[in-house]
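Here is a short tour of one protein chain. Keep the sequence and the 3D view open while you read.

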Amino acid sequence: MTIPGTQPELSSLMLYSHTDVVPTFKDQWKYDPYAAHKDENGDIYGRGAQDMKCVGSQYFEAIRRHFQRGNKQWLRTIHIVWGPDEEIAGIDGMAKFCEMDEFRELNIGFVLDEGLASESSEYKVYYAERCPWWLKVTCTGSPGHGSKFISNTAAEKLHKLISQTLAFREEQRLILESDPSKTLGDVATLNLTIIEGGVQVNVLPEKFTACKLQYSRG
């Protein structure tokens with residue numbers, strides 16, 4: 001969606017949101033995540049409402065109110081863009097769009113990217129970006145029958161990896177919780193998200209694979 005400015009030759013503003021969401025665990029929700037339930041306080045519960053359709057909705061609402069006051073344009077052209085694959089790093093969607101002539105023709109000078117919805121009249125703008133690291137670690141070891149004590153197994157190495165991961169995670173959590181002035185942007189978050197391995201219940205596998213997601217300080 002594009003709203004032409006009164007001086008379209010100036011660099012434009014992009015208001016960016018994304019439409020893709022993460023999976024749901026329906027039994028963990030207060031309301032059906034697909035029902036868009038609105039409670040007595042006006043809060044809407046739905047998959048993707050917080051991340052990040054709420055911010056995109058605020059853009060539209062701000063523009064609607066601006067138009068209602070009789071204003072039809074801004075000085076600069078405004079582009080409202082929704083990306084399709086932010087949750088998986090944007091490699092096949094937004095990243096490729098940024099390499100296209102169509103993107104360059106938008107003449108973007110400033111972008112408001114994903115942030116947090118505001119429950120007041122204040123709009124929070126963050127000037128730093130946390131950098132995600134998606135790590136996939138494969139632990140190899142000696143395979144064999146599950147009835148034996150086999151040395152140098154993949155499970156032993158995986159155990160060490162998990163212990164170190166959780167120790168670092170706890171260290172960062174304590175730093176955050178011990179200082180009220182700090183936010184998530186001041187620490188590195190680290191979580192173990194996927195573990196793969198094994199071929200049969202009585203067989204020690206030759207490898208285990210663990211996937212870790214880390215967001216480092218911006």
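This is a predicted model: local features need pLDDT of at least 70, side-chain atom pairs count only at pLDDT 80 or more; totals for chains, interfaces and linings use all residues.

**The four-stranded sheet**

Start with the open sheet made of four strands. Their order is S1-S5-S2-S6. The pairing is mixed. Strand S1 (2-3) and strand S6 (108-112) form the edges, and each pairs on one side only.

Now look at strand S2 (residues 12-18) and strand S5 (residues 78-83). These two run parallel, and six bridges join them.

**The three-stranded sheet**

Another open sheet has three strands, in the order S7-S11-S9. Here the pairing is antiparallel. The edge strands are S7 (131-140) and S9 (189-197), each pairing on one side only. Neighbouring strands in this sheet are turned by 20 degrees against each other on average, with direction ignored.

How many bridges link S9 and S11? Eight bridges join S9 to strand S11 (residues 207-216), in the antiparallel sense. Within this pairing, Leu192 stands opposite Lys212 in S11.

This sheet has a helix too. Helix H4 (residues 154-178) lies across S7, S9 and S11. H4 runs at about 15 degrees to S11.

| H4 | 154-178 | lies across S7, S9 and S11 | about 15 degrees to S11 |

**An annotated stretch**

UniProt, in an unreviewed entry, lists residues 132-210 as "domain: Peptidase M20 dimerisation". Over residues 132-210 the chain is 32% helix and 33% strand. The end C-alpha atoms of this stretch are 16 Å apart.

Gly197 sits in strand S9. Leaving out residues up to four places away in sequence, Gly197 touches Lys207 and Phe208. Compare that with Ser121: the C-alpha atoms of Gly197 and Ser121 are separated by 50 Å, and the two residues are 76 residues apart along the chain.

**The second largest pocket**

Go back to H1 for the second largest pocket. This pocket holds about 670 Å³ of space. Nineteen residues line it, and the closest to its centre are Asp43, Ile44, Ala49, Gln50 and Cys54.

Which element gives the largest share of the lining of the second largest pocket? Helix H1 does, with six residues. Strand S4 (44-45) and H1 each supply at least two residues of the lining. Sorted by class, the lining has eight nonpolar, seven polar and four charged residues.

Most residues other than glycine have a negative phi, and most peptide bonds are trans.

Met52 belongs to helix H1. Where is Ala89? Ala89 lies in the loop between S5 and helix H2 (94-97).

How values were computed. Residues are numbered from 1 along each chain as its sequence is written. Side-chain values use heavy atoms; hydrogens and water are left out. Two strands pair if DSSP finds at least two bridges between them. UniProt positions are given in the numbering used here, feature names are shortened, and annotations may be inferred rather than shown by experiment. On a 1 Å grid over the protein atoms alone, a cavity is a set of points where a 1.4 Å probe fits but cannot get out, and a pocket is an open set with protein on both sides within 12 Å along at least five of seven lines; lining residues have an atom within 4 Å of a point. Grid points are joined across faces, edges and corners, and a volume is the space filled by probe spheres set on the points. Ala, Val, Leu, Ile, Met, Phe, Trp, Tyr, Cys and Pro count as nonpolar, Asp, Glu, Lys and Arg as charged, and the others, Gly among them, as polar. Axes are lines fitted to C-alpha atoms, for helices over the stretch in contact, and angles run from 0 to 180 degrees between N-to-C directions. Contact means heavy atoms within 4.5 Å.
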